Amino acid sequence: SGSFLLVYLYIFLVVFVGIGLPIEASAPAYQSHGTEGSHLTNITNTKKAFPVLAVNYEHVRKPFEIALWILLALLMKLGFHLIPRLSAVVPESCLLIVVGLLVGGLIKVIGEEPPVLDSQLFFLCLLPPIILDAGYFLPIRPFTENVGTILVFAVIGTLWNAFFMGGLLYALCQIESVGLSGVDLLACLLFGSIVSAVDPVAVLAVFEEIHINELVHILVFGESLLNDAVTVVLYNLFEEFSKVGTVTVLDVFLGVVCFFVVSLGGVLVGAIYGFLAAFTSRFTSHTRVIEPLFVFLYSYMAYLSSEMFHLSGIMALIACGVVMRPYVEANISHKSYTTIKYFLKMWSSVSETLIFIFLGVSTVAGPHAWNWTFVITTVILCLVSRVLGVIGLTFIINKFRIVKLTKKDQFIVAYGGLRGAIAFSLGYLLSNSHQMRNLFLTAIITVIFFTVFVQGMTIRPLVELLAVKKKKESKPSINEEIHTEFLDHLLTGVEGVCGHYGHYHWKEKLNRFNKTYVKRWLIAGENFKEPELIAFYRKMELKQAIMMVESGQLPSVLPSTISMQNIQPRAIPRVSKKREEEIRRILRANLQNNKQKMRSRSYSRHTLFDADEEDNVSEVRLRKTKMEMERRMSHYLTVPANRESPRPGVRRVRFESGLSV
Amino acid sequence: MGSRASTLLREEEIEEIKKETGFSHSQITRLYSRFTSLDKGENGTLSREDFQRIPELAINPLGDRIINAFFPEGEDQVNFRGFMRTLAHFRPIEDNEKNKDPIASEPLNSRSNKLLFAFRLYDLDRDDKISRDELLQVLRMMVGVNISDEQLGSIADRTIQEADQNGDNSISFNEFIKVLEKVDVEQKMSIRFLH
């Protein structure tokens, strides 16, 4: 009965917030009494009683609204996961859109104007966290191995979609019976370019829940990120052209040049900010607390700077995240790393939720112009052009790939091409001078609904039905690291023997350049000399040590995690050899125990920690051991926060904990 | 040099190599011209010095081991057949080969043969086990001279511990395969030879 009570309380809370929103949307402004009146030096003012309680709503209106919306979004998210069977069948994005529809409907019923997803709000506030989260945690290895395929899908696939759809819709509009003869080719092409791009937010939201194998995931996801440049160029191009009305060959040529400028320029801007962030992180050893802020701010600046020049902001964000990550992670403390991870996941989660809810609300709000033929044709053409595009491109790509794309892969890539909020925002940005704006918006919303609801809901059962390879769960293994590096060297050598300058050759050249020139500038202290294998091993042992301390398995003589705030991570404590051996023995024993357990190296939105960490240690036990440790720790307060750094050159197994000798 | 090279390689030889390794005609001729360009002594075989002259191998941490892999047991010269036989391990696996009759002998570029090639590079004494010392040697080659022996030792210990399943404190070939089952070996150990 306790849990029922909680459920009732929860529903009450949700209703409270949900009603609160439309009500305060229509709240008239209350003027504040008292304080303002007393500043009037008007003698004729009669003396009023000092107001003990006054309502000043206007003062807090804006932040209050924002907070209320976010709260509603998060409560909804919470609610879905409480209902077990629902979240297994329906993807979260669908549920959120439905909630948005309900809220929008409520607001409309009350008689107010529901807010529409403001494009500026979307592009400047809601989209960047999601993209940064995606870019910072982008799995580099599968991405670079498939970058050719991804680029082909992103660039050529999007171009194909845009022109195919635009052209056929124009042909449709020429038919008399449709009644849209006023629409010219450029408007149709503009519409095609808006609707053709695969949306990263929608793809992330749906693919996260189906755990598909890494190859297909990175193909669809990478495509959704990289097609931003194409979308930006096409959109701006057609917008300009439709204002002018005519297109010359020179314009087309300039368009192509523009594409290269937009994409490469975006990447360049991102890379510059990435290097700046890496360089800054070199000096943060004394101010650990603000380290995460540098990461966030530099990335956001990269996005804003490139948007300023009409370059591709998404590519700038991705480039920034990818470039700065290896160096920043070598410099920052473990806690900062966790903070960055947490904050990015948190912000991107909130953003995503808000985006979908607002999509629902905007559907209720937006001006609509419905034309059955146009809308239905758009949806069908979307599917058809996507399928044709994927099949055609895969046929060509497979001639150049070592691991070919199977029919199942192709199906998921085609079916996973979801459209989302970016298309809506771009459509919303269209100036009102476009006569067809409302029709376009309606069609875009219909396409989004179709892809998110129909494709989003059916993709999971289809994946099961077709027995598509799922993501392999793997724990970070030192074996894999060693052997992968071994194979890298082997392949580079064999390529050298064949005289073949391939993938491995250039990767090796880049690594060498990185090691000799770049690392010494961007990584603090002596660590730039550290080989990657050693860094990996150290991090692995550190993670294991922390986990063991937190679960109470390591003896409490390690007052580690709590006093780690200001400890320089590079400080090697003066540990006696005996203690070191003891610790190593304990770790080894723990490794024996954990051998069979599987962890997921996922970057999913919902789970930050590895699955077994939460399985093993129940909340209660963890809290108990923590309390026990804290009690014992009060006896160990003599451990100083900062330890002197050791002589450079002596390298030992290092722990971040302040080990007492 | 070009015309002389092609006359030195007889058609029957090309056919034999094709059957043994699966390379195409043009790939074989292309690799033959690479072979002859490496063969400074012009005697139809390559010696270790010829390999060491390749700049990419000179700076490669595993350079010596790779060179040794080309030479059969105890010999100092390798002819073109042997050269191709070693390179055949790196040919991409083709779809039609995957479904071949399992009774026929396995092609050189099958997944297990690729893994066996890599395994042999660790296992110098050919006892079908990667011992702690052999692993240490490879680790030392890869990380350079700055890391202390003890740290390298603990890495080696942990590596063996992770992989070892029968408790003999070394990695057998089957354990090696198991550890690498998540790595896409077919893609990783394949070079896209130009047609």
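Predicted model: local features only at pLDDT ≥ 70, side-chain atom pairs only at ≥ 80, totals over all residues.

A: Arg10(B) counts as partly exposed because its relative accessibility is 46%, where partly exposed lies between buried, under 20% relative accessible area, and exposed, over 50% (1.4 Å probe, protein chains only). Glu12(B), at 47%, is likewise partly exposed, and its side chain meets that of Arg10(B) in a salt bridge of 3.5 Å, N to O; the term stands for a side-chain nitrogen of Lys or Arg within 4 Å of a carboxyl oxygen of Asp or Glu. Residues are numbered from 1 along each chain as its sequence is written, chains are lettered from A and ligands numbered from 1 in the order in which they are written, and side-chain values use heavy atoms, leaving out hydrogens and water.

In a second pair within chain B, the closest N and O atoms of Arg53(B) and Asp50(B) are 3.0 Å apart; Arg53(B) is partly exposed at 46%, while Asp50(B) is buried at 7%. Elsewhere, salt bridges that share partners join Arg141(A), Asp488(A), Lys507(A) and Lys188(B) into one network.

Helix α11 (residues 149–163) of chain B contributes the most to the side of chain B that touches chain A, with 10 residues, helices being DSSP runs (H or I, at least four residues) numbered from the N terminus. The contact, meaning heavy atoms within 4.5 Å, takes 57 residues from chain B and 55 residues from chain A. Of the area that chain B buries against chain A, Arg158(B), Gln161(B) and Lys188(B) supply 15%, more than any other three residues; buried area is the accessible area (1.4 Å probe) that two parts lose on being put together, summed over both.

In chain A, Glu92(A) and Lys77(A) form a salt bridge at 2.8 Å, N to O, which links helix α5 (residues 92–110), holding Glu92(A), with helix α3 (residues 57–82), holding Lys77(A), 15 residues apart. Both of these residues, Glu92(A) and Lys77(A), are buried. Over all chains, the search finds 23 salt bridges.

Key:
Helix = DSSP H or I, 4+ residues; strand = E, 2+ residues; numbered from the N terminus.
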